[in-house]
Amino acid sequence: MTYVFQPPAIVSLPVRGMDAVFPVHRIYCVGRNYAAHAIEMGHDPDREPPFFFQKNPDNLLLDADFPYPDKSSDVHHEIEMIVALKSGGRNIPVENALDCVFGYGVGLDMTRRDLQGECKKMGRPWEIGKAFEHSAPCTGLVSAEEIGHPDEGAVWLKINDEIRQEGDLNQLIWKVAETISYLSGLFELAPGDLIMSGTPSGVGPVQRGDVLHGYVEGVGELRTKVV
Ligand code: MN
C-alpha cells in the first residue's frame, strides 16, 4: 500500500504494568451524567436517555501542559473517568457490557464553554466547544484485570490545591455498563474506543498558570498545568 502522504501515527495510551500500549480508535463522551452537574447547567436531572458527543483521538494530551486554546475566554474543566474498550459490537446487552472493558483512566473534558453556549443557543453541533486540540488531557490506563470495575469511589478536581469538583462514581446516572449498552445501539463499538463517562458538579473556568489535579479513586491521578 502506498499512501499519498505519510499517515499519522496511531494515537495510543500506556498501560500500567504493561509494555504494550492501548491503541485509541474513537472517543465518545457522555453529557450530563451526574445529577448535580445537570442541575448546575440548568437541566432537569431526571433520568432522560443519555446523549453523546465525540472528541478525536488526537485531542488526547498525555503528561503535558494544557495550552489555553484560541477563540475562547471561558475554558472549563470537567474531570471524568475514562472507560477503555478492548472489544465492541452493536446492541450489547447491559449484562455483557463490562466484558468489553479493557480498563480505566482519568481524563479532563476541557470545554470552550463560551463557544459551546453559542452552539446550544443556535442549535448547532458542539465540536468547536469540545473537540479542539489538546482538549482531552488524560492519564495512562489501568487494566480491569488489575483494579476490577469501579462503581463507587471519589472523583475530584483541585485547582492550585483548592477543591473545585467533587463527586462519587456511585452518582453516575447511567452506569458504565448501561452507557456501553446504550451507545452500542447508536454506534458499532470497537476495540480501542474510549468513553468519557461524564463529570460531577463544580465545573468552572481555568486560567493560564493554574495547576489542575484530578483524581478518580482506584483509577489514578492526573496533573496538568494551563499554559
Ligand atoms: Mn464532559
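The legends below describe close-up views of a predicted model. In this predicted model, local features need pLDDT of at least 70 and side-chain atom pairs count only at pLDDT 80 or more, while totals for chains, interfaces and linings use all residues. Residues are numbered from 1 along each chain as its sequence is written, and side-chain values use heavy atoms, with hydrogens and water left out.

**View 1. The manganese site.** Glu78 (OE), Glu80 (OE) and Asp109 (OD) coordinate the manganese ion at 2.1 to 2.2 Å. Donors are N, O and S atoms within 2.8 Å of the metal (3.2 Å for Na, K and Ca); water is not among the atoms, so sites may look incomplete. Along the chain the donors follow the spacing E-x1-E-x28-D. Glu78 has 4% relative accessibility and counts as buried, and Glu80, at 1%, also counts as buried. Buried means under 20% relative accessible area, exposed over 50%, and partly exposed in between, with a 1.4 Å probe and protein chains only.

**View 2. The largest cavity.** The space in the largest cavity is about 130 Å³. Of its 18 lining residues, Gly31, Arg32, His37, Glu78 and Lys130 are the closest to the centre. A cavity is a set of points on a 1 Å grid over the protein atoms alone where a 1.4 Å probe fits but cannot get out; lining residues have an atom within 4 Å of a point. Grid points are joined across faces, edges and corners, and a volume is the space filled by probe spheres set on the points.

**View 3. The second largest cavity.** This cavity holds about 80 Å³ of space. It is lined by 13 residues, and Gly31, Arg32, Asp46, Glu48 and Ile173 lie nearest its centre.

**View 4. Phe51 and Trp126.** The ring centres of Phe51 and Trp126 are 5.6 Å apart and the planes stand at 90°, so the pair is edge-to-face. Rings of Phe, Tyr and Trp (its six-membered ring) pair if their centres lie within 6.5 Å; planes under 30 degrees apart count as stacked, over 60 as edge-to-face and the rest as tilted. Phe51 is partly exposed, with a relative accessible area of 24%, whereas Trp126 is buried at 17%. Phe51, Phe53 and Trp126 form one aromatic cluster.

**View 5. Trp174 and Tyr182.** Trp174 and Tyr182 form a tilted aromatic pair, 6.2 Å centre to centre with 50° between the planes. Trp174 is buried, with a relative accessible area of 14%, and Tyr182 is partly exposed at 35%.

Definitions and conventions
On a 1 Å grid over the protein atoms alone, a cavity is a set of points where a 1.4 Å probe fits but cannot get out, and a pocket is an open set with protein on both sides within 12 Å along at least five of seven lines; lining residues have an atom within 4 Å of a point.
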